[in-house]
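Here is a short briefing on one protein model. Keep the sequence and the 3D view open as you read.

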Amino acid sequence: MTTLHVFNPEHDLALAANLSNFTSPLAGRQLRREHGYLPALWAAADDAVLVEDVEAAKQAFGQLTGRLFSGFVTKEQLASLPITGVDVWGWDLAIRAFLLRQGVEARLLPTEDQIATIRELSHRRYASAILAQLQGDGIIGEAMMTDSLEGVRTQLNRWERIVVKSPWSGSGRGVRFLEGALKASDEGWIRRIISQQGSMMVEPQYHKVEDFGMEFESDGAGQVTYLGLSVFETSNGAYTGNILDTEDKKESVINRYIPKDLLYRVREKIIALTGDLFRGKYLGPFGVDMMVVASAEPETFLLHPCVEINLRRTMGHVALSLTRHLSVLPQLMAVRYDHSSYKIKLTSIE
């Protein structure tokens, strides 16, 4: 049995475009070229991982983990491989069409209708619906959907400082932080997103203290498994890195602000809600981004339990897999992404 693994980091943009013939921007192409080896972190020994340069992938994977992986392949080899399954970073029409062009059998891939369902579930309104069902003591968070510029203005007047998000986007793209009067450039962007994607998500800005998330796996039959915590860093809404540490130590970072029992209750509620939502519709990994928010009362904090749901593998999954590969961490480490060089590096934290 050979599963083919593919790192397609342009997935969020491809999902938004919803085109079989999608051309990724330079950043996506560079990230895939440089880090196509990442699925070797979770691939089985006899699996295949698609890369552009086999020798470069072997070297990069070895430098990151100190280990060898012999299953790197190029696209020219795909048609002749005994592939029995396919595991990609995220499913969209573009990656399906690419794999078909390379000779991968259609029976191993989701249908276009199944991908349409995944795309629908990836709309941010589903995260908003989950958020509404997680409300309770110690919880904060609100989001609404509008299909007009006037709707955005209404919420800006209501909350004074807002975050506007396109329905499909990721890694800090498609997000703007607004306050005061709308600028002409913001109005133009909002109109364009609504014209292209049909709506816009709006939520209040919060005083964020800590970014983190929970990583899960759906079996597609209603069972969701919790995989671990993701304690990550962002800059202007864009991902910059993940902390590598034990689950106990990552949890202790969050427990400085949020009680352990509240985290557990939210985790179990998410498992139940997403199990029902994804039954018969989504099979694979997903992540739920969260944040610790400063309360109006001094030295008190609240949990925003569902900033967004990423219906794909995430850098949190990468961090969990990399931690297992490293076995013993000699010091506190982080896996960081440099947006200017498109490089992912393992670094120590002083």
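**Cavities, cores and strands**

Three cavities of 30 Å³ or more are held within this structure. The model is predicted. The briefing starts with the cavities, then turns to the cores and the strands.

**The largest cavity**

- About 150 Å³ of space lies in the largest cavity.
- Its lining is made up of 15 residues. Asp12, Ser122, Ser169, Ile309 and Asn310 are the ones that lie nearest the centre.
- Several elements each give at least two residues to this lining: helix 1 (11–17), helix 5 (112–122), helix 6 (124–133) and strand 13 (301–310).
- In general, empty space is found by rolling a probe the size of a water molecule over the atoms.

**The second largest cavity**

- The second largest cavity has a volume of about 80 Å³.
- Residues that line the second largest cavity include Arg124, Ala127, Ser128 and Leu131. Also among them are Lys165, Glu203, His304 and Cys306.
- Helix 6, strand 8 (200–204) and strand 13 each supply at least two residues of this lining.
- Which element gives the largest share of the lining of the second largest cavity? The answer is helix 6, with four residues.
- By class, the lining of the second largest cavity has six nonpolar, two polar and three charged residues.

**The nonpolar cores**

- The largest nonpolar core has 51 residues. Within this core, Leu4 and Leu99 touch the most other members.
- Helix 10 (residues 260–278) gives this core its largest share, eight residues.
- Another core, of 25 residues, lies apart from the largest one. Val51, Val54, Phe69 and Tyr239 are among its members.
- Follow Leu4 in the 3D view. Leaving out residues up to four places away in sequence, Leu4 touches Ala48, Leu50, Val73, Leu78, Ile83, Gly85, Val86, Asp87, Leu99 and Val104.
- As a general rule, nonpolar side chains tend to be buried together in soluble globular proteins.

- Four strands form an open sheet, in the order 3-2-1-4. The pairing is parallel.
- Which strands are the edge strands? They are strand 3 (72–73) and strand 4 (83–88), and each pairs on one side only.
- Strand 2 (residues 48–50) runs parallel to strand 3, and two bridges join them.
- Leu50 has Val73 as its bridge partner in strand 3. Both Leu50 and Val73 are also touched by Leu4.

- Is strand 12 (residues 283–294) largely enclosed or largely open? Ten of its twelve residues are buried, so strand 12 is largely enclosed by the rest of the structure. Buried here means under 20% relative accessible area.
- Strand 9 (residues 208–219) runs antiparallel to strand 12, and eleven bridges join them. Met214 stands opposite Val288 in strand 12.
- Strand 12 also pairs with strand 13, in the antiparallel sense, over seven bridges. Here Gly287 stands opposite Asn310 in strand 13.
- Asn310 links two topics: it also lies among the residues nearest the centre of the largest cavity.
- Strand 12 and strand 13 form a hairpin with six residues between the strands. In this hairpin, Glu299 takes a positive phi near 60 degrees.

Notes: Residues are numbered from 1 along each chain as its sequence is written. This is a predicted model: local features need pLDDT of at least 70, side-chain atom pairs count only at pLDDT 80 or more; totals for chains, interfaces and linings use all residues. Side-chain values use heavy atoms; hydrogens and water are left out. Two strands pair if DSSP finds at least two bridges between them. A nonpolar core is a set of buried Ala, Val, Leu, Ile, Met, Phe, Trp, Tyr and Cys residues joined through side-chain atoms within 4.5 Å. Buried means under 20% relative accessible area, exposed over 50%, partly exposed in between (1.4 Å probe, protein chains only). Contact means heavy atoms within 4.5 Å. On a 1 Å grid over the protein atoms alone, a cavity is a set of points where a 1.4 Å probe fits but cannot get out, and a pocket is an open set with protein on both sides within 12 Å along at least five of seven lines; lining residues have an atom within 4 Å of a point. Grid points are joined across faces, edges and corners, and a volume is the space filled by probe spheres set on the points. Ala, Val, Leu, Ile, Met, Phe, Trp, Tyr, Cys and Pro count as nonpolar, Asp, Glu, Lys and Arg as charged, and the others, Gly among them, as polar.
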